[in-house]
Amino acid sequence: MNESRKYKTKKQVSEPTLKRLPGYLYFLEQQKEEGVLNISAPTIGKKLSCDPTQVVKDLSVTGIKGKPRVGYNTYELIHALEEFLGFNRINEAFLVGAGNLGSALMAYQEHQELGLKIIAAFDTDEVKIGKSVGGIHILDYNKLFTLSGRLNVKIGILTTPNNVAQDVAEDMVNCGVRAIWNFTSANLDLPEDVIVQTTSMSSYAAVLLRRLNDSDK
Ligand SMILES: NC(=O)c1ccc[n+]([C@@H]2O[C@H](COP(=O)([O-])OP(=O)(O)OC[C@H]3O[C@@H](n4cnc5c(N)ncnc54)[C@H](O)[C@@H]3O)[C@@H](O)[C@H]2O)c1
């Protein structure tokens, strides 16, 4: 890869673009498996229902440019996307709240392919403490404070009940966490420099149901 190539800083990249990038990567990996060496923006756009101009704009964040009549080199683009998204680095994460959803996330090892590795889970429930799910130990929540100093983990996954989410999130931040993947419905109030990504299944369900309802009219 060209060492002089400069990535745009992620702050300049819009959230819709960032959300589309993993989809491009997934599609390109499929194409690589099928032996496709070069691929054009219109081909990518057609498959992913995206305007080719938008595809070119999105992929430009990696610093890779397609060649006229040839397109992108599949391998080069995959590598650049992985590097841009941080998928080829392993980022360690804590999970707090090893209940139904937390356990499902712990058992879902494919997160590692996205560069995210849950190294420990914490819970207050004595029945769960000491057990493990997907090879990940569930530890006493009180140990979060002592262990975080040693482990220097920057990512926290929040899967507690909503009513304790704010307190737990504040604890995570006090333990050095800089980015929280929030699965609760709580609207977290945290310092501005903390990155919070909320995955609210209820809002996705609301959009789905509303669209279904509209399409029936
Ligand atoms: N289960 C789902 O499919 C689902 C879907 C969407 C959203 N959510 C959201 O995810 C969150 C968890 O849901 P769930 O169904 O897994 O609940 P759950 O009750 O099964 O799990 C919550 C876990 O958090 C632990 N916990 C409670 N207080 C704690 C604290 N102060 N510190 C550390 N751990 C604590 C509990 O012991 C329990 O193990 C909720 O906010 C819920 O709204 C769940």
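Helices here are DSSP runs of H or I with at least four residues, strands are runs of E with at least two, and both are numbered from the N terminus. Lys47 lies in helix H2, residues 41-48. This is a predicted model, so local features need pLDDT of at least 70 and side-chain atom pairs count only at pLDDT 80 or more, while totals for chains, interfaces and linings use all residues. Residues are numbered from 1 along each chain as its sequence is written.

Lys47 is partly exposed, because 15 other C-beta atoms lie within 10 Å. Lys47 and Tyr24 are 23 residues apart in sequence and 9.8 Å apart in space, C-alpha to C-alpha.

Now the whole protein. Its secondary structure comes to eight helices and nine strands, and 25% of the 217 residues count as buried. An automatic or database domain assignment supplies the domain bounds: domain 1 is 10-85 and domain 2 is 91-203. Their C-alpha centres lie 31 Å apart.

A residue is near it if the C-beta atom, placed from the backbone, lies within 6 Å. There are 23 residues around the ligand, and Gly97, Gly99, Leu101, Asp125 and Thr184 come nearest. Helix H5 (100-107), strand S4 (116-123) and helix H7 (162-174) each give two or more residues to that shell.

On to the cores. A nonpolar core is a set of buried Ala, Val, Leu, Ile, Met, Phe, Trp, Tyr and Cys residues joined through C-beta atoms within 7 Å. The largest has 27 residues, and Phe94, Leu95, Val96, Ala121 and Leu158 have the most contacts inside it. Among the elements giving two or more residues to this core are strand S3 (91-96), H5, S4 and H7. Which residues does Val96 contact, leaving aside neighbours within four places in sequence? With contact meaning C-beta atoms, placed from the backbone, within 7 Å, the partners of Val96 are Phe122, Tyr141, Gly156, Leu158, Thr159, Thr160, Val168 and Met172. A second, separate core of 14 residues includes Ala41, Ile44, Leu77 and Ala80.

Methods. Buried ≥ 20, exposed ≤ 12 C-beta atoms within 10 Å, placed from the backbone. Contact = placed C-beta atoms within 7 Å.
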